[in-house]
Amino acid sequence: MKEIIKNKIYIRTLMADIISNFGDVLYYLAMLNYVLQIEKSNVAISIINISEMVPILCSFVIGYFADKNTKRVKTIIGTLVIRCVLYLIVALAIGFTPDLMLVVIISIINFISDILGQYENSLYYPISNRLVNNEVREEVMAFRHSLMMSLNVLFQAIGGVLICYISYRKLAIINAGSFIMSFLIFRTIKSELVELCDEKALERKKDSEKKPLSVLIKSLVAELKEAVVLLWKIPNIKETLTTIPFLNAGLAVVTPLVVLCMTRNPQLSIVNAEFTISILAISQTAGRIAGSALTVSVLKKLKLISTLKITMILLVIMFSGMIFQNLYIVIIALFLTSLCTGCIDPKMGAIIFNNLDENRLATSFGGMTTYFQIGDIISKGAFSVLVLFSEGITISIFYFIISLLSLVMLLVKR
């Protein structure tokens, strides 16, 4: 922990990320409240969710271009300025009478901003690689994850209060201001970062030259194949990459599955339905925060593959609780599963950082983000179909079998 605090450049970049994240959380809450004022609010909410989801699905492509960038620090600063301008435009537009077309325009601006945000994060991977030593990387990543998740909960609470008293235009201006503050922080350390992180720019210059579309697509495919090959060579990463989609698939449907069971059996809830849903959300969030925090100390020596096995066992127990309609088992297992997941993230991130060339980090992480997100979407899609024809217990048995098979596959390492 002392090494993290002493690393002034890393702390400043972390502060810049925290400030811009506050603006994003605040704006997202404001948008969800804003669309409730128009007639077709369900269509508007769908548009906003799509604008938030598509950039995540494009993570691999964004990472590919980030790895080819020869002026990472300058580009990060530039994206912050552009995002500030975009939300000043939103502040201007959001003052008009709310309607669906205005939501579409604002969502497009939000989409562009999110793409730039993803690009900015991808550019930061090699910078982070040089700012942190391999020996303390897992500890640093665990600290960052737990801090960001804890602050995200706090930001949502603050945002919930602010949207009651501040106009949507002012909230958009606050978001724009958060990017300016991040920009100013980066400006204070620009020279140190350029000297530390862009010294290999000339080596990457040939790779970053413009290419025809057909050549670009071939290059993207080749990069993806090579990234997969390099990832596959890392010890225990095969089991991790194979199992995590099934883990995420199970966690993605816990809350809607409990809600479905409560609609059929109102007696299933703890106190009432609203309290039960809140407890589920709190258990999942608190578990992830605790997992990341404990990775810095108690769980530091626990191996990744061991953590993954424990997590899958807990997932099987959680769906067993759903089958037997025991919410106490579900909530406890959900908390412990989320705790292990919060521990897995920094461990896996540290392994990848320490084993891959820094000029392939954004491509690799982007590919994994897209890969894991598709798994979530497939799971939610399957649940949406199953809920039309099956009862909650039947769906619970379906996910229990998938989780159990995933656990067996992990144990036999095939």
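**Close-up views of a predicted helical model**

**View 1. Overall dimensions of the predicted model.** A compact globule of 414 residues would have a radius of gyration near 22 Å; the protein has 22 Å, so the two agree. The C-alpha trace spans about 60 × 55 × 50 Å along its principal axes. The protein contains 18 helices and zero strands.

**View 2. Interior and surface of the protein.** Of the 414 residues, 48% count as buried. Among contacts with a separation of 6 or more, 86% come from residues 24 or more positions apart. The protein carries 38 positive and 28 negative charges, and their mean positions are 3 Å apart.

**View 3. The aromatic pair of Y64 and F65.** The count of aromatic pairs comes to six. Y64 is buried, because its relative accessible area of 2% is under 20%. F65 has 36% relative accessibility and counts as partly exposed.

**View 4. The stacked pair of Y87 and F179.** These two rings lie 5.8 Å apart, centre to centre, with 20° between the planes. That angle is under 30 degrees, so the pair counts as stacked. Y87 sits in helix 5 (residues 72-93) and F179 in helix 8 (residues 168-188), so the pair ties together parts that are 92 residues apart in sequence. Both Y87 and F179 are buried.

**View 5. An aromatic cluster.** F319, F398 and Y399 form one aromatic cluster.

How values were computed
Residues are numbered from 1 along each chain as its sequence is written. This is a predicted model: local features need pLDDT of at least 70, side-chain atom pairs count only at pLDDT 80 or more; totals for chains, interfaces and linings use all residues. Side-chain values use heavy atoms; hydrogens and water are left out. Helices (H or I, at least four residues) and strands (E, at least two) are DSSP runs, numbered from the N terminus. The radius of gyration is taken over C-alpha atoms; the globule rule is 2.2 Å times the number of residues to the power 0.38. Buried means under 20% relative accessible area, exposed over 50%, partly exposed in between (1.4 Å probe, protein chains only). Contact means heavy atoms within 4.5 Å. Lys and Arg count as positive and Asp and Glu as negative; His and the chain ends are not counted. The place of a charge is taken as NZ of Lys, CZ of Arg, CG of Asp or CD of Glu. Rings of Phe, Tyr and Trp (its six-membered ring) pair if their centres lie within 6.5 Å; planes under 30 degrees apart count as stacked, over 60 as edge-to-face and the rest as tilted.
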